[in-house]
Amino acid sequence: VVSTQSTGKISEEGVKTISHINNIPKLKERLSAIQKKLPWIESLDVTVDLKVPSEEMKSIINNNFKQEMLFYKQCEVGTQQSIARLNSLGIPTERPEDFFAEMVKSDEHMKRVKEKLISKQLTMERTEKVTKMRKMKKLGKKVQQEVLKKRADEKKQMMENVKKIRKGKADQEDVDNFEINTEPETSDGKKKEINRKEKSQRF
C-alpha cells in the first residue's frame, strides 16, 4: 500500500487526475491493526539485507544477470538463516530415510498406467519377434538360393565334363572328378565285393 488517501483534480482539458498521498503514520496504524502477533514458526518470514553499495546497485538495475545473481544470493542467505533458526528450535529440516509420502495419484490410476506400460512392452516384443522372423526368412531364402546356385554350377560343370569325355578331350583331372561307382553297396553301406567270374557272367 502506497497511500491511504487520494484527491482528484479536473484539469483544463476536463480530465480528472489523481494525486497520491503517502501517509506513513496512517499506514503504520493500519498495519498494527491487522498485524497478528504469531510465533515465527507460523510465518517463517526472513528479511535479508545484503548491504549492496549504492554504486554497485546502479549497475545492477540495468543488468538482468546481476539482478538474478542478487536474488540468488538473497535466497541462499535467507535459507541458511532459516535452517539455523529451525535447528535452534529443535525442528528437523531433513526428511527421514524411511519416510513414505502418500501418492498424489490413486491406486486405480497407477494400475491403469501399469497396464498401459505392460501392453506397450508386449507390443514392442511382438514387433521385435516379427522383425526377427522376417530377417530369418530372408536369410533362409538367401541360403536356399546359394544352395540352388551351387547345385546348378555343379550340374553345369558335370555336363561339361561329360561332353569332354565323349569327345575325348578330357584330361586326367576331369576323369578323376567324374568317377562313377558301379559297384553296389550292402545295407550297411559297404561295397559288395564281386569277383571277375560273376562280372563275366553278367556280361
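Of the 203 residues of the protein chain, 6% count as buried, where buried means under 20% relative accessible area, exposed over 50%, and partly exposed in between, with a 1.4 Å probe and protein chains only. This is a predicted model, in which local features need pLDDT of at least 70 and side-chain atom pairs count only at pLDDT 80 or more, while totals for chains, interfaces and linings use all residues. Residues are numbered from 1 along each chain as its sequence is written, and side-chain values use heavy atoms, with hydrogens and water left out.

Let me begin with the overall layout. The protein chain has seven helices and two strands, and from the N terminus on the order is β-β-α-α-α-α-α-α-α. These elements are DSSP runs numbered from the N terminus, with helices being H or I of at least four residues and strands E of at least two. The chain exposes about 19900 Å², of which carbon and sulfur atoms supply 54%; accessible areas come from the Shrake-Rupley method with a 1.4 Å probe, and for residues only the protein chains shown count as cover. Taking contacts between residues at least 6 apart in sequence, 25% join residues at least 24 apart, a contact being heavy atoms within 4.5 Å.

Leu44 has a positive phi of about 55° although it is not a glycine. For Lys51, also a residue other than glycine, phi is positive and near 55°. Leu44 counts as partly exposed because its relative accessibility is 46%, whereas Lys51, at 69%, counts as exposed.

How do α3 and α4 pack? Their axes are 7 Å apart, at an angle of about 120°. Axes here are lines fitted to C-alpha atoms, for helices over the stretch in contact, and angles run from 0 to 180 degrees between N-to-C directions. The two helices are therefore oblique to each other, since angles under 35 degrees count as roughly parallel, over 145 as roughly antiparallel, 65 to 115 as roughly perpendicular and the rest as oblique. On the α3 side, Met57, Ser59, Ile60 and Ile61 meet Lys66, Gln67 and Leu70 of α4.

Elsewhere in helix α4 we find Ser82. Which residues does Ser82 touch, not counting those up to four places away in sequence? They are Trp40 and Val46. Ser82 is buried, with a relative accessible area of 16%.

Now to the charged pairs. A salt bridge is a side-chain nitrogen of Lys or Arg within 4 Å of a carboxyl oxygen of Asp or Glu, and by this rule there are four. One of them joins Lys58 and Glu55, at 4.0 Å from N to O; both residues are exposed. Because they are three residues apart in helix α3, about one helical turn separates Lys58 from Glu55.

In helix α5, Arg112 and Glu108 are four residues apart, so about one helical turn separates them. Their closest N and O atoms are 3.7 Å apart in a salt bridge. Another salt bridge pairs Asp153 with Lys149, at 3.4 Å between the closest N and O atoms. Asp153 is partly exposed at 39% relative accessibility, and Lys149 is exposed at 55%.
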